[in-house]
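Visitor: I have not looked at this one before. Can you walk me through it in plain terms?
Guide: Go ahead and ask as you look.

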Amino acid sequence: LDTALEGGGHPTVSQVPRHYPVTELINEPFIDFTLNSVVENKLLRFSDHIGDGKLTLLIFWSADCGHCKVELPELNEYYRKHRDLLDMVGIVKVPNDAIKQRTTDFINAQKISFPNVVDRSQKVFGQYQVRTTPTTVVVNPQGRVESVLIGASVDLEEELGALIDKLKKSQSEGA
């Protein structure tokens, strides 16, 4: 500003891109947790879904999120198509029983086939620094966060295709 006041031109102003703290976890080890599943009300430990030569997607979502209602059926279809190389766990923001019922109804109506757990206190949302839903954390078979997909307009084939192809290749070489 001093330069501009002295007649030396004006400063350039540009928009700062949005910051999603969850992206800071890329290349870091995943954060483990144990929570109750939405439908069966059984304990699920996230680390039980890591490894075995598969990518694991941790999907943060809410039944009150319009974008999530679009994304979840697409993720479910992608999961069905790539089950041999992919595991998924949904983690749902459920602050009360009414939202838990809407969540259960949505999972059943959409025939979501991957497990979903309840984060009533939003502790895991906080640990992963998730600020928007849907957010998908991709964990590689070695247990490190490979990438983070934010929003509902994610092209799963484009974002995950190369990782899936790499897993297929390593499995065929190991066979």
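Visitor: What covers the buried residues of H3?
Guide: The cover includes strand S3 (55-61), H2, strand S4 (86-93) and S5. Cover here goes by contact, meaning heavy atoms within 4.5 Å. Helices (H or I, at least four residues) and strands (E, at least two) are DSSP runs, numbered from the N terminus.

Visitor: What sort of model is this?
Guide: This is a predicted model, in which local features need pLDDT of at least 70 and side-chain atom pairs count only at pLDDT 80 or more, while totals for chains, interfaces and linings use all residues. Residues are numbered from 1 along each chain as its sequence is written, and side-chain values use heavy atoms, with hydrogens and water left out.

Visitor: Back to H3. Which residues in H3 are buried?
Guide: Ile99, Thr103, Thr104, Phe106 and Ile107 are. Buried means under 20% relative accessible area, exposed means over 50%, and partly exposed is in between (1.4 Å probe, protein chains only).

Visitor: Where do the buried residues fall, seen down the axis of H3?
Guide: They fall within an arc of 160°, so they line one face of the helix. The arc is taken from the directions from the helix axis to the C-beta atoms. An α-helix has 3.6 residues a turn, so residues three or four places apart point the same way.

Visitor: And which residues are exposed on the other side of H3?
Guide: Asp97 and Ala109 are exposed there.

Visitor: How far apart are the end C-alpha atoms of H3?
Guide: They are 20 Å apart, which agrees with the span that the 14 residues of H3 should have at 1.5 Å a residue. The expected span is 1.5 Å times one less than the number of residues.

Visitor: What happens at the start of H3?
Guide: A side-chain oxygen of Asn96 reaches to within 3.1 Å of the backbone nitrogen of Ala98.

Visitor: And just after H3?
Guide: Lys111 takes a positive phi of about 55° there, although Lys111 is not a glycine. Lys111 sits in the loop between H3 and S5 and is exposed, at 58% relative accessible area.

Visitor: What is the phi of Gln122?
Guide: Gln122 has a positive phi of about 60°, and it is not a glycine either. Gln122 lies in the loop between S5 and H4 and is partly exposed, at 32%.

Visitor: Where is the cis peptide bond?
Guide: The cis bond joins Thr133 and Pro134, with omega about -5°. Pro134 is in the loop between H4 and strand S6 (135-139).

Visitor: New topic, charges. How many salt bridges are there?
Guide: The count comes to five salt bridges. A salt bridge is a side-chain nitrogen of Lys or Arg within 4 Å of a carboxyl oxygen of Asp or Glu. Side chains of opposite charge can pair when their charged atoms come close.

Visitor: Which residue does Asp97 meet in a salt bridge?
Guide: Asp97 meets Arg120, at 3.1 Å from N to O. The pair links distant parts of the chain, with Asp97 in helix H3 (residues 97-110) and Arg120 in the loop between strand S5 (116-119) and helix H4 (123-127), 23 residues apart. Asp97 is exposed at 58%, whereas Arg120 is partly exposed at 40%.

Visitor: What about Lys81, which residue does it meet?
Guide: Lys81 and Glu157 meet in a salt bridge, also listed at 3.1 Å from N to O. Lys81 lies in helix H2 and Glu157 in helix H5 (residues 156-174), so the pair ties together parts that are 76 residues apart in sequence.

Visitor: Which residues are linked in a network of salt bridges?
Guide: Asp32, Arg45 and Asp48 are. Between Asp48 and Arg45 the closest N and O atoms are 3.9 Å apart. Asp48 is exposed at 53%, and Arg45 is partly exposed at 43%.

Visitor: How many disulfides does the structure hold?
Guide: It holds zero disulfides, a disulfide being a pair of cysteine sulfur atoms within 2.5 Å. Cys65 is buried at 10% relative accessibility, and Cys68 is buried at 0%.

Visitor: Last one. Is Asn76 buried or exposed?
Guide: Asn76 is buried, with a relative accessible area of 2%. It lies in helix H2 (residues 66-81). Not counting residues up to four places away in sequence, Asn76 touches Gln110, Lys111, Ile112, Ser113 and Phe114.

Definitions and conventions: A polar contact is a pair of N or O atoms within 3.5 Å; within protein, one must be able to donate a hydrogen and the other to accept it, and residues adjacent in sequence count only if both atoms are side-chain atoms.
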